[in-house]
Amino acid sequence: MTEPMPTTAAPLIGEGSLDPDALETVIAADETRFRHDYLEIRGLRVVFDGFVAVAGVDLTVTQGDLRFLIGPNGAGKTTIVDAITGLAPATGSIRFGGVELVGKASHKVARAGVGRTFQTASVFDELTVLQNLDIAAGAGRKARVMLRRRKGIPDAVEAALETVGLAHARDLPAGVLAHGQKQWLEIGMLLVQDARLLLLDEPVAGMSQAEREETGQLLQRIGAQRTVVVVEHDMEFLRSFASSVTVLHQGSVLSEGTVAQVQADPKVVEVYLGRGAGARGSSKEAS
Ligand SMILES: Nc1ncnc2c1ncn2[C@@H]1O[C@H](COP(=O)(O)OP(=O)(O)OP(=O)(O)O)[C@@H](O)[C@H]1O
Ligand SMILES: [Mg+2]
């Protein structure tokens, strides 16, 4: 992955001073590094003891998309997230940013820029918000580097605190946070790990209406630059915030498109409402 620096590039630090042009180049490169990020899943299969949980799924999610993955219980949503993150036995192809993830161990998938949350928040209750983020920022880094970072709050941690709206709570133990805030902290932890693909499994489950609204806006902010896949049951939340939707059923893709398109798809109506329910395209009844 690492390309040799072109020999014509001006050195960043020459004769004891910073070259502003070279610095510009590096900053611009940082912006463009997201541009080719996309998730491309082809022919994904996950079989548990002969039971086919994911039966040949194709899925493409581009950077800047906010994709919702929905489907009835047991459709295979979480299993797909598990397969992407190296936690379920998968065949087929899962590429992110051009890197093949099938067959990679979880920590290598994380290093490829893929982060996920679980349905139950996994933050350290007894540590402060800042300490949780600091640990996440240090994950996979050498102790020596972490020690050096201790001197101040790393920029990435500061930025994540702002993005997830927890700057005011930085010194509180995570255990006292509201349920929604814990989910935001988890998302913040993915940001400081520099996850460029975020996979969120039912992030608004158990949240209040106000927390859902804030979470949706947070995901839109994050999704503008990163690739975000949200597994969700909450149809109201989906209608408000999804930019595209993939509907899964029994391990296969049943329908895909905008919210309006999938809601109007008779196959989706049938799966959610049962045959002959006659509420096609009606959003209220669909929930
Ligand atoms: N480790 C496992 N071993 C055996 N079967 C499994 C395993 N994990 C999942 N399954 C099965 O695979 C199917 C898909 O499960 P999965 O958890 O992906 O569904 P889901 O779409 O996330 O459902 P929900 O909306 O209930 O969370 C289910 O039938 C489930 O029982
Ligand atoms: Mg699930």
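In which loop is the place of Asp194? Asp194 is found in the loop between helix 7 (179-192) and strand 9 (197-201); helices (H or I, at least four residues) and strands (E, at least two) are DSSP runs, numbered from the N terminus. The model is a predicted one, in which local features need pLDDT of at least 70, side-chain atom pairs count only at pLDDT 80 or more, and totals for chains, interfaces and linings use all residues. Residues are numbered from 1 along each chain as its sequence is written, while chains are lettered from A and ligands numbered from 1 in the order in which they are written.

Asp194 is not a glycine, yet its phi is positive, near 60 degrees. Asp194 counts as partly exposed because it has 15 C-beta neighbours inside 10 Å. Asp49 likewise has a positive phi, of about 50 degrees, without being a glycine. Most residues other than glycine have a negative phi. Asp49 lies in the loop between strand 3 (38-48) and strand 4, and it counts as exposed because it has 4 C-beta neighbours inside 10 Å. For these terms, C-beta atoms are placed from the backbone, and a residue with 20 or more others within 10 Å of its own is buried, one with 12 or fewer is exposed, and one in between is partly exposed.

The residues around ligand 1 include Phe48, Phe51, Gly74 and Lys77; a residue is near a molecule if its C-beta atom, placed from the backbone, lies within 6 Å of it. Strand 4 (51-62) and helix 2 (77-84) each supply at least two residues of this shell, and helix 2 gives the most, with 3 residues.
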